[in-house]
There are 4 protein chains.
Amino acid sequence: MTASPAINLHDYEALARERLDPAAFDYIAGGAGDERTLAANRAAWDAIGLVPRVLCDVSTVDAAVACLGRRWPHPVWMAPMAWQRLAHPHGEAASALAAAAQGAGFVLAEQAGVSIEEVGALVRDEPGRGPLALQMRLHHDRGFDLALTERARAAGFDAIVLTLDSVSNGARDRERRAGFVPPAGVTLVNLAGLAPPPADAPPHPAMTWRDLDWLLGACKLPVLVKGVLHPADAKQAAQAGVAAIVVSNHGGRTLDTSIASARALPRIADAVGGTTPLLVDGGIRRGTDVLKAVALGASAVLVGRPLYFALAAAGPQGVAQALRLLRDELEIAMVLAGCQTLSQASRDLLELPP
Amino acid sequence: MTASPAINLHDYEALARERLDPAAFDYIAGGAGDERTLAANRAAWDAIGLVPRVLCDVSTVDAAVACLGRRWPHPVWMAPMAWQRLAHPHGEAASALAAAAQGAGFVLAEQAGVSIEEVGALVRDEPGRGPLALQMRLHHDRGFDLALTERARAAGFDAIVLTLDSVSNGARDRERRAGFVPPAGVTLVNLAGLAPPPADAPPHPAMTWRDLDWLLGACKLPVLVKGVLHPADAKQAAQAGVAAIVVSNHGGRTLDTSIASARALPRIADAVGGTTPLLVDGGIRRGTDVLKAVALGASAVLVGRPLYFALAAAGPQGVAQALRLLRDELEIAMVLAGCQTLSQASRDLLELPP
Amino acid sequence: MTASPAINLHDYEALARERLDPAAFDYIAGGAGDERTLAANRAAWDAIGLVPRVLCDVSTVDAAVACLGRRWPHPVWMAPMAWQRLAHPHGEAASALAAAAQGAGFVLAEQAGVSIEEVGALVRDEPGRGPLALQMRLHHDRGFDLALTERARAAGFDAIVLTLDSVSNGARDRERRAGFVPPAGVTLVNLAGLAPPPADAPPHPAMTWRDLDWLLGACKLPVLVKGVLHPADAKQAAQAGVAAIVVSNHGGRTLDTSIASARALPRIADAVGGTTPLLVDGGIRRGTDVLKAVALGASAVLVGRPLYFALAAAGPQGVAQALRLLRDELEIAMVLAGCQTLSQASRDLLELPP
Amino acid sequence: MTASPAINLHDYEALARERLDPAAFDYIAGGAGDERTLAANRAAWDAIGLVPRVLCDVSTVDAAVACLGRRWPHPVWMAPMAWQRLAHPHGEAASALAAAAQGAGFVLAEQAGVSIEEVGALVRDEPGRGPLALQMRLHHDRGFDLALTERARAAGFDAIVLTLDSVSNGARDRERRAGFVPPAGVTLVNLAGLAPPPADAPPHPAMTWRDLDWLLGACKLPVLVKGVLHPADAKQAAQAGVAAIVVSNHGGRTLDTSIASARALPRIADAVGGTTPLLVDGGIRRGTDVLKAVALGASAVLVGRPLYFALAAAGPQGVAQALRLLRDELEIAMVLAGCQTLSQASRDLLELPP
């Protein structure tokens with residue numbers, strides 16, 4: 001498998017389509033309902049104009065950012081995505097290594113085909129790596145949940161990312177039409193110890209602010225919450241003491257016509273007022289998107305589908321190349337916008353649509 | 001006839017096109033003029049963004065709503081549509097049964113091919129059914145009109161829906177181009193007793209606020225008015241004492257370029273101020289549309305063409321399946337938006353376009 | 001030649017294309033530059049929403065309007081268009097008769113192939129006809145200009161329409177690409193007595209406010225000015241004493257990217273404040289467009305290309321049918337909007353875009 | 001090579017595509033990233049409406065403008081573009097001559113295949129020529145830079161245009177995909193004396209406000225700065241004493257999603273307040289675009305790609321014809337908008353989008 005001839009992150013979709021089973025492709029590429037939010041996520045970044053500065057000293061630029069109490073090479077993370085062994089035999093292990101090699105963050109999905117321990121062992125001591133986090137939900141067994149966080153801590157993970165916005169899978173019409181079923185040979189190894197839910201469990205497992213408080217008290221790793229769109233929720237999460245908030249609509253995969261994350265981000269930044277770091281995902285494809293996200297108040301961005309496609313198209317080299325492309329684009333954008341560091345990026349650099 | 005492979009309400013249109021006479025299809029699918037309002041109805045729901053809440057207890061959700069003094073399983077009604085025997089031999093009888101089976105409301109059009117009495121007998125005692133109403137106009141014979149309402153009451157109907165917005169048929173270009181004529185073998189059984197209009201009748205039968213007052217005084221069933229778009233009219237109707245107002249542009253079939261009902265609804269809600277229940281129709285295709293309508297102040301929504309198409313495509317099973325799909329989508333949307341009940345849905349959940 | 005199967009005014013374009021020389025078609029159909037204003041004229045009417053009223057007594061409606069001191073059956077005029085003998089052997093004579101038969105106004109272009117006297121004789125005594133006007137420019141010979149107005153008066157014309165907005169022909173790319181040249185066998189009979197311009201004439205004949213003052217003083221017929229888009233010009237024209245102002249961008253044929261006339265109309269209505277009647281043209285295709293124009297302050301509307309196309313497609317019967325279609329649509333729109341007369345149409349009936 | 005059948009500036013693109021090597025075409029035609037700014041540049045001019053005046057004395061119009069202390073026939077300049085020998089054997093010499101013959105300004109790119117001295121000798125004494133300027137960057141050798149300005153002055157150039165906005169080439173995906181490499185047989189003759197950068201040079205040569213101050217102090221020609229989009233930068237440049245500011249996003253070739261220059265221009269005009277002349281480029285294709293730019297505060301406009309394409313399509317005659325077409329369109333637009341001179345064009349003539 002050789003590095004693909006992709007020139008930008010868009011290119012990986014077509015390359016992956018050639019290699020993936022059609023139903024798997026639709027599972028990855030598709031969104032909920034009429035895929036309005038999926039499209040709006042992209043469009044919202046494009047709709048933000050850049051108003052660059054000139055005659056700044058950008059002979060060198062530095063995309064480093066602080067997050068979770070440390071400094072990382074750049075603000076790009078690979079988003080948590082399930083079933084990566086659909087795309088490559090080594091699945092999440094391949095992705096995590098590629099991310100680490102590029103200084104990018106990596107969020108292992110609880111629905112991974114590779115164990116927390118294996119990923120930790122591969123990545124934790126990689127020099128120059130980005131942050132490493134475990135994505136999880138709260139299940140019907142709080143003992144299991146706490147043990148999961150402990151396994152992550154023991155494996156060298158830096159944080160837990162608690163997903164709040166997928167209490168239901170949403171109405172994923174494209175996926176249903178394609179008839180996607182999880183692959184036969186892949187086990188969700190990290191959830192293997194979880195007993196089946198009790199017969200009287202409610203259809204949508206309840207997770208409330210009290211559950212979040214419990215996790216924040218019990219978990220020894222910093223806890224990020226992912227899937228916040230409403231400013232009031234962001235404010236409450238900040239007051240609850242989360243380590244960071246990921247502004248996200250789950251890549252348009254759950255509640256169609258949810259607002260684009262690029263539109264939610266500035267409102268949440270206004271509500272939270274700098275007390276809690278923000279991350280954002282949804283539609284990030286270009287270095288300019290990353291710069292805009294940072295200018296709107298994000299400390300980091302998560303990228304999903306393009307990296308999944310890169311993994312399918314060209315394996316770990318593909319993921320690494322995609323991350324490199326995006327970082328290169330970000331640094332070019334910084335040079336051209338007159339930002340020596342990302343701390344210089346603010347809304348003054350933007351023309352926001354009404 | 002078996003249930004169709006539809007995944008969402010859009011799908012029934014293509015399925016119905018295969019089975020319907022082309023002129024009948026155009027009669028059902030088409031709108032007035034350049035079909036701008038027809039398109040705007042859809043676009044206006046899509047243009048409203050959802051700003052969902054997280055960490056609410058949505059382990060179970062309940063889509064029940066109160067309307068006409070009772071509580072119903074969910075807020076979806078089948079809109080009044082003429083000539084349903086074009087779509088299925090049992091016409092409105094098939095539709096009414098399917099709606100009742102799914103707990104949905106049903107509005108029998110006065111231009112039905114099945115009698116008020118037959119529909120009432122089929123549906124009135126169906127357990128878990130939704131509200132049952134008769135749609136009518138005022139004709140040149142007020143004795144006939146009052147008798148019609150009495151027949152409905154005797155047959156177990158819950159309400160009368162008085163259509164205000166189709167004094168003329170509008171300029172239905174698609175229908176005229178297709179050369180649609182009402183089907184030969186179908187009789188409008190409920191209007192059979194109506195004598196022909198007198199020779200000196202005006203071209204557009206006058207129906208004014210005084211006529212509405214007469215009906216409100218004479219009719220023993222609650223009277224809803226359908227086809228209100230102007231806030232001042234809504235205010236006056238509320239003061240006149242109607243049981244509810246259906247915000248509607250007749251599915252874009254009468255006055256083209258009328259504003260989309262999703263745009264009219266919040267203005268009317270502001271004008272009426274909660275004194276009178278509101279319903280809305282026009283372009284509702286998704287559970288998220290229903291949730292948005294409720295968040296904007298509607299107690300229920302009417303769905304038209306997709307259910308007609310479902311009847312044509314798969315008979316009563318098709319109608320039932322379509323209603324089930326929509327209700328499922330609504331409940332998923334409630335879960336994902338953080339609404340345990342529909343009373344929790346308000347404008348705070350929405351990003352309204354300018 | 002028989003009446004065409006057109007169902008609305010759009011339909012005549014395709015019908016005419018079959019019968020016209022391609023270069024002539026492009027001359028008629030085309031606009032200036034990139035045809036942005038041509039498209040914007042249509043789009044601007046469509047972008048205005050109607051907010052209809054219900055329960056008004058519209059058992060009969062009356063589209064009559066007052067203009068030029070008289071009352072006319074309805075507010076539609078046929079716009080001045082040159083070279084109508086391209087479309088039909090009887091050219092402007094055919095159009096004028098058809099307009100009169102339908103109670104529509106008719107504006108004879110100075111660049112007609114039929115004489116003022118012939119048109120006057122055909123139309124002046126037609127019962128129920130609409131207003132009859134002569135369109136002209138000011139030329140390099142004021143004696144000739146005055147004589148032209150006198151000929152119109154003698155022939156029974158009601159008014160002069162002075163065109164202000166075509167000092168140059170504009171950059172009509174489509175027309176140039178098609179290689180249109182005026183037809184060989186047609187003479188501009190009304191301009192035949194005009195001597196060629198002097199050798200030292202300026203490239204763009206000067207016409208200023210002083211020239212307008214001269215005409216207003218010298219001409220015994222009411223003078224309308226056509227081609228006003230700027231509110232300040234409208235104000236000055238009203239103060240100068242014109243009989244009416246035609247808000248127009250010359251059908252998008254002169255200065256491309258000029259604002260749509262439907263956008264200019266309300267601003268001009270605000271500036272003029274009801275002191276001087278307003279007319280409007282540009283993109284009027286539907287009865288709802290006419291109703292919107294009246295609601296925005298117009299006393300009448302001019303329709304151009306569709307009537308030219310109707311003349312080419314089906315001769316005078318085509319023009320008559322097109323005018324009838326438009327009037328029918330207007331009356332249907334009045335019924336559905338709740339307007340017994342056009343004086344009841346105001347901005348309260350509209351949802352204006354930002 | 002004969003003059004091409006182009007009717008407007010758009011036409012040269014298709015004509016050039018037939019004659020250019022595909023990679024060279026993509027190099028010229030392409031923009032950065034997803035080419036959003038490239039498209040926005042055009043769309044932004046189109047989105048500005050004209051509100052023309054009537055009854056002005058436009059029997060003759062004069063497009064002359066003052067700039068750099070002199071009066072020029074009209075406000076159109078040919079923008080600096082590299083590698084013009086890709087399009088024609090005589091490259092920039094052909095373009096410069098054509099521009100001079102049409103009274104247009106000409107900016108020689110430092111990356112030209114023809115020497116400063118050759119261009120100066122061809123053009124400096126051409127009667128009726130427009131302004132002649134040399135575009136340059138600051139390099140790692142300030143002695144070389146100053147010598148370059150001296151060579152320009154000695155060759156009769158009127159000004160230096162310092163490019164500020166291409167510290168990096170940007171992410172030019174189309175160019176990379178096409179595999180463009182600079183042509184083998186062409187030497188950048190004006191940069192031939194520049195030693196290679198030192199081994200420890202930073203990746204993006206630093207150019208700051210201090211460097212600008214140095215050039216403004218050292219250079220004996222007026223210095224224009226090109227590539228300003230932020231009002232604060234424009235203000236600072238004006239205070240620094242630049243001769244003029246070129247509002248530009250480099251034709252969409254560097255930082256994609258930068259705001260359209262037509263949107264940046266009025267904000268910069270407001271910030272600078274008339275103290276320093278403004279020029280603008282990006283998407284100018286029509287005489288109406290030029291008129292709008294002037295009405296928004298520009299003293300001149302630069303046109304790029306269409307003239308490059310005209311050079312490829314029809315050599316110097318093509319460039320001359322394109323400039324003539326644009327000037328003709330400008331003069332027609334002035335006539336139709338009621339502007340005898342360009343000093344009469346102000347924002348009052350425009351309908352600006354929100």
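In chain A, residues 24 or more positions apart account for 77% of the contacts with a separation of 6 or more. The model is a predicted one. Its chain A contains twelve helices and twelve strands. Along the principal axes, the C-alpha trace of this chain spans about 65 × 45 × 45 Å. A compact globule of 354 residues would have a radius of gyration near 20 Å. Chain A has 19 Å, which agrees with that expectation.

Burial and surface were examined next. Of the 354 residues in chain A, 65% count as buried. The accessible surface of the chain comes to about 11,900 Å². Carbon and sulfur atoms contribute 53% of that area. Charged side chains in chain A number 32 positive and 36 negative. The centres of these two sets lie 1 Å apart.

Two residues of chain A stand out by their backbone angles. A:Leu55 is not a glycine, yet its phi is positive, at about 60 degrees. This leucine sits in the loop between strand S1 (49-50) and strand S2 (65-67) of chain A. A:Leu55 is buried, because its relative accessible area of 7% falls under the 20% cut-off. A:His250 likewise has a positive phi, near 60 degrees, in a residue other than glycine. The loop that holds A:His250 runs between strand S9 (244-247) and helix H10 (261-272) of chain A. A:His250 is also buried, with a relative accessible area of 16%.

Helix H1 of chain C comprises residues 11-19. Its buried residues are C:Asp11, C:Tyr12 and C:Ala16. Seen down the axis of H1(C), these residues fall within an arc of 120 degrees, so they line one face of the helix. On the other side of H1(C), C:Ala14 and C:Glu18 are exposed. The cover over the buried residues includes elements from two chains. Among them are helix H7 (173-178) of chain B and helix H12 (305-337) of chain C.

Some pairs of chains remain apart. Chain A and chain C do not touch. Their nearest C-alpha atoms are 12 Å apart. Chain B and chain D are joined by no contact. For that pair, the closest C-alpha atoms lie 12 Å apart.

Conventions:
Residues numbered from 1 in each chain as written. Chains lettered and ligands numbered in written order. Predicted model: local features only at pLDDT ≥ 70, side-chain atom pairs only at ≥ 80, totals over all residues. Heavy atoms only, no water. Helix = DSSP H or I, 4+ residues; strand = E, 2+ residues; numbered from the N terminus. Rg over C-alpha atoms; globule rule 2.2 N^0.38 Å. Buried < 20%, exposed > 50% of the residue type's maximum accessible area, 1.4 Å probe, protein only. Contact = heavy atoms within 4.5 Å. Areas by Shrake-Rupley, 256 points an atom, 1.4 Å probe, with all protein chains shown as cover. Lys, Arg positive; Asp, Glu negative; His and termini not counted. Charge placed at Lys NZ, Arg CZ, Asp CG, Glu CD. Arc of directions from axis to C-beta.
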